[in-house]
Each structure stands twice: as C-alpha cells, then as structure tokens.
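Good morning, colleagues. Please have the sequence and the structure open while I speak.

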Amino acid sequence: MSLLLAAAIAIIGYGLTAWMSDRLRFEERIAIGVIVGSLAVSLTAFGAFEVLGMGWDTIAIGLGVPGIAAVGAMRRDRQRLTCEAEGAWTRLRLPWKASRSLRPFALMTTTSMAVATRILALSYQTTERGLSAGSLAVWGDWSAHLAYAGSFAYGDNRGLDLPTATGTDFRYHFLADFFGSIFTVTGSTLQQSMALSEWMLAVAFTPLMWCMVMRLTRSRVTAGLAVLLLTLSGGVGLWYFAVDVRKGGWDIATSLPQTYARMPDLHLWVDNTISASLYAQRSTLMGLCAGFAAMIIVLASRPRWSRHGFFSAGVILGVLGIAHAHTMLTGLALGTFALIADRRRTWWWFLIPTAAIGLPLAWAISPETNSMRWLLGWMAPQSNEAWPWFWLRNVGLLLPLFAGIALLGGGVRRLRRLSTPLWLWFIVPNIVAFHPSEWNNTKYFLFWQISGCILVASFLSGPFSIAMSRRSPLQRRLGRVLAVTAFLTMISAGGLDTVRAMQRSTAIPWVDHDDLAAAMWLRTNSDSDAVVVYGANNTSAVAALGGRRAVSGYPGWTYDLGLPDWADRWTAAGVILSGGADASISIERYGVDFVAMGPNERSQFAGSDEYWMAHGTLVFERGDYRIYRVND
C-alpha cells in the first residue's frame, strides 16, 4: 500500500505540471512531478490533519484535492502529454552518441536510483540486539526526524508542539517529516515510512539536477559531471584512505573503517553531500529538489517570458517556507538579481508568490532567539589552520578551480555570470554564523557548491567537446588526462563515503529490543498528548518511536533550534529521573505523565528506580527498561 501511495503522489504531481508549463520535456515533467506531488499532497493532507487528525480520511483528502486538479490538467492536455511521451520513447532508442539520445540520462537515473535504494534500505537494520543505523547520519540525525514524524503519525500533534521540548512551538522545517508520517497510515512502520519518503525525493534529485544543467548548458557531459561532482563531493580524504590502506591492506575496502569527507578530528568539516545534505537533512533534500524544479520551469518559460511558468515556480518556492527556508530565500535573492539584470517585469510573477507565501511561513517557524554572530574564517581558526589551506583540505580542487574560472575565464560564459552572485553564499558564511551550531553554515555553503560544481563541470567537459578537435592530438590528450585526473580527485572522498554507506558491515548499533518494546508500549497505552521524561540522547527508542512529547530531547537538537531554555529542560529531565529535590516542581511545570528508565538513564542521569517505585506506578518492565506512570 505504501508503494501505491508513493506512485499516486508521483502521478498527481505529473498531472499538476501540465498547469505549469507547456514547454517541459517528458523526463522533466516526470522528475518535477515527484517533488510537486510530494509538496501538494503533503500540504493538502496537513490541512486535513489539522481538522481530522491522521487517518485514511486525511490521506484521501490529501490525494483527492490535488488529484482532481491533476486529472483535469491531464484530460485537457492529453494530446500534448502523449506526444511528449512518444517523443521520449523515440529519444530513448537513439544511439548513445546522438545529441538527443536519452540513454545517458536513463543510465544516470537508474544508477542513482540503485544507490539510493541500497543506502536507504540499510537505514535501519534488525539485529540480534535490536536496531542498527546504516550510517552516522542516520544514527545522529534521524532520531529527531522520527520523533517529529511520530508526533504527527501517533501523537495527534495538531497544535504543532515541538515533540522534543513540550510546550514549545514547532519552530522547524517540518513539512518533510510530515510527508514521511503519512505513509504510516498504510501500515508501514515509522522507520519504513521515513525511508520511503526519503527514497522518493532521492530518486528525483539526480534527474532534476541533470535536467536543470541541460537547460543551462545543453551538454550531457556537463550534466553528468555536475551531478557526480556534487553528490560525490569531498576534500582530501583520499590521502587518509591511502594511510588506512597502508596500515590495514586493501581488505579494508570491504568494510571501510571511517568516513573520508567529514573527519572532525582532522578538521575536515564539509561532509559529502549525500551523507550530510541529502539523506541526513530531509528538509534539504526536499528543498533542493523543489529549487531545481522551479529553476527548470523558469528556464523553460523564459524564452517566451511565460507568466504562468514564473508564477508556478514562485508558488513552488514559496511553499518551502515550512519545508526549507534556505532554498526559498536563496531563490528569492537570485530572482531579485535576475530582475535587476533582465529588467523584465515578468520576474515579479515569480518574486511576489515566493515572498507572499514563503516569508510568512518562514517567519512562523523562525527560532525564538537570534543566533547570528561574527565568526571570521568559519571553522578555520579553531582548527588552527590558515583559511586557504583549511578550505583546500575541506573541498579539494573545487575552490581553486571555481575561483580560477570565475576570475580568469573558462567554462560556459553564461554559467560564470549566473554563478557570480552565489559567491556571497561562500563569503558571508565565512564571516557570519547563522545558527547556534557553527557547522550548520554548511547549509549555505551548499548553494555555492552547487553553482561551483556546475561551472567546473562545464570547464572539465571542454577537452571532450567538438571545439577541442581543432587542437593538436597532444593538446587533446593532455587536456583530457588533466580533466579526468581532476574529476577523479574531486569525487574520491565522497565516492568512498558513498561506498561505505552501501556496506552493511559499517552499521552502528542504535537501540535494543527491550527499548523498542518500551516505545511500542508507550505508543499503545498512553494518551496521544502524554509527556514523557527520558535520558535526553539520540539513542532512545522511547524518544524516537514512542510518538509522545518529551520534556527535553537530545540537547544538541534543542540547542540548535535556538530554544532559550534548552539547558533548563535538560537539567530538569535529569532531576526528574534522579528524584532530586526539585523533581515534583519540574513534573508539575512540564506536565509529566511518564518516566522511562533504562541503562542510559541510570548511568548518565543517576536515574533512581527506588524513587520512582515510591513516587510512581510501574506500568511496564522488560529487561533493564521500566516505565513509571507519575502519580497524581
């Protein structure tokens, strides 16, 4: 049933694209349809959820409202859509070297689909002990996303209460997590639902980026290189892989001992894009897919300055106010630059819906506290490295190549012009920190990386272009050798990390079976608005899968969301668990209903079973895990 729901969402999105532009190609319409369907169904279902709660009636409304619009568009334009599909089939049968052949696109899409399927299938793995996380990103970040999605799926969170800090407004990009939660209605577990919704977006990412680059350059080589440079990004990790091979031999390749793009102990902070931005940060993946889709629609509409195309792109970006404000604000800024450069009023048809929809939504979920501050050099000073050397180690050849092409020329001239404003997305985050956690500036560097990968890809594809045939054989060989060497060097660290993410042997233990049983008991036997206290960390099934609100989640999450009382909540959770002097005050203050006690609560928070046997009622016990109901 979950797969049928996913297919229905994609079909609805495909139909909705018929309202947006009549200049899209079939492959563009299919890829855009996945993200448009995801946004449309999520938004409509969320509106129904606020009235009805989570259930089949909410899913029916979520599918039905945009579905009617999609069916109407497909009926109206069925002849054109049929012609587009027939044209795509014809292009798919053309030889590989034919400029209109879809075979390279199909190969890249199916390969990325296989990689995404493998990685996400390993997100959570059942072991004799319990559940293991397939990667550090899943182990570290998905616990929070599971808690967010679980609050919609099982916690009836219609008041938008932050599940990791009860009583606090849900000030986070929650749409991607709500999107994942709707699949639980079909019978999938919360883990399966999150993986499936992520898989839909991950599968759409590559064809969306390919189609966008094709619109910009009309070069399949550039499109392919750009996708690989971005998704397999990394710094100088290949050197450290060579060190590991020297120590352990080539056998380590079957179970890579560490990641090579992000190595904090060695001051490598800019993680591989797949690991950090696409699979760990669900909102980033949804935002980039929507941004690429909007860009394709704008590029398709620009030759005739079609207003409804610009308007449709603006609506898509505006919705990101509650899905990924970083992409929404970036699109708004770039659209303003384009308005100034083109001096065409049509850009207002893009800017007005983006701002009118996106800014109020982004404001509604903005953090309670402003964490902006000066941070000259970003992470370089605390790494005790010179700024240029720090960035060369973290992003490898991308920085010198991007800067050299921008200053000295090379690549496609149009791309040089379009990428110039995005240097601000590199310079400013090297001066100002925007989040409590400095590392989150990578969310801004990402847009600079995207533009750099596309421009560098156009430069590296030059030696393989027709124009290169006018050069001498020696020049052609030398240019191609240098281009291939640079390309392989740039994707080496990210490529290793991607291989590691597909290895089952590198999974990280997450929660055990007794903890899972406690979470299931809590979900089944407590009110949907119940408040629980647990040892605030990211390895608790009660927190991630229980579907109930907590006094305090892992402090790394609450701190990074800008909660002014994050430390007080963390302290209160410890006091309640240990039965401290102020336990009763904190219980009353936060409205605590249950206390979960396990090995972590006892070891790290001095959790006292003796106190809770005297002041609560034991309602669940299995192995080392107990749940106490707070006595009235």
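First, the conventions. This is a predicted model, in which local features need pLDDT of at least 70 and side-chain atom pairs count only at pLDDT 80 or more, while totals for chains, interfaces and linings use all residues. Residues are numbered from 1 along each chain as its sequence is written, and side-chain values use heavy atoms, with hydrogens and water left out.

Let us look at the chain overall. The secondary structure of the protein chain consists of 28 helices and 10 strands; helices (H or I, at least four residues) and strands (E, at least two) are DSSP runs, numbered from the N terminus. How does the radius of gyration agree with that of a compact globule? For 632 residues a compact globule would have a value near 26 Å, and the protein chain has 25 Å, which agrees. That radius is taken over C-alpha atoms, and the globule rule is 2.2 Å times the number of residues to the power 0.38. The C-alpha trace spans about 85 × 65 × 45 Å along its principal axes.

Of the 632 residues in the protein chain, 59% are buried. Here buried means under 20% relative accessible area, exposed means over 50%, and partly exposed is in between (1.4 Å probe, protein chains only). The accessible surface of the protein chain is about 26,200 Å², and 62% of that belongs to carbon and sulfur atoms; these areas come from the Shrake-Rupley method with a 1.4 Å probe, and for residues only the protein chains shown count as cover. Among contacts in the protein chain with a separation of 6 or more, 72% are between residues 24 or more positions apart, where contact means heavy atoms within 4.5 Å.

I turn now to the helix pair. Two packed helices are described by the angle between their axes and the distance between the axes. The axes of helix H17 (residues 398-408) and helix H20 (residues 442-460) come within 9 Å and cross at roughly 70 degrees. H17 is therefore roughly perpendicular to H20. On the H17 side, the contact is made by Leu398, Leu399, Leu401, Phe402 and Ile405; on the H20 side, by Trp448, Gln449, Ser451, Gly452, Cys453, Leu455, Val456 and Phe459. By class, this contact of H17 with H20 has 10 nonpolar, three polar and no charged residues. As to terms, axes are lines fitted to C-alpha atoms, for helices over the stretch in contact, and angles run from 0 to 180 degrees between N-to-C directions. Angles under 35 degrees count as roughly parallel, over 145 as roughly antiparallel, 65 to 115 as roughly perpendicular, and the rest as oblique. Ala, Val, Leu, Ile, Met, Phe, Trp, Tyr, Cys and Pro count as nonpolar, Asp, Glu, Lys and Arg as charged, and the others, Gly among them, as polar.

Next, some individual residues. Ser21 sits in the loop between helix H1 (2-16) and helix H2 (26-52). Is Ser21 buried or exposed? At 2% relative accessibility, Ser21 counts as buried. Setting aside neighbours within four places in sequence, Ser21 is in contact with Arg29, Arg80, Ala300, Ser301 and His308.

Phe310, in helix H13 (residues 307-319), is 289 residues from Ser21 in sequence, yet their C-alpha atoms are 9.2 Å apart. Phe310 is buried, with a relative accessible area of 0%. Not counting residues up to four places away in sequence, Phe310 touches Val298, Ser301, Arg302, Trp305, Thr346, Trp347, Trp349 and Phe350.

Phe292 belongs to helix H12 (residues 282-301) and is buried, with a relative accessible area of 5%. Beyond four places in sequence, Phe292 is in contact with Phe205, Leu208, Met209, Met212 and Ile450. The C-alpha atoms of Phe292 and Met212 are separated by 6.4 Å, although the two residues are 80 apart along the chain.

Finally, the backbone. Most residues other than glycine have a negative phi. His267 has a positive phi, near 65 degrees; His267 lies in the loop between helix H10 (237-248) and helix H11 (273-280) and, at 25% relative accessibility, counts as partly exposed. Ala606 also has a positive phi, of about 55 degrees, in the loop between helix H27 (599-604) and helix H28 (609-615).
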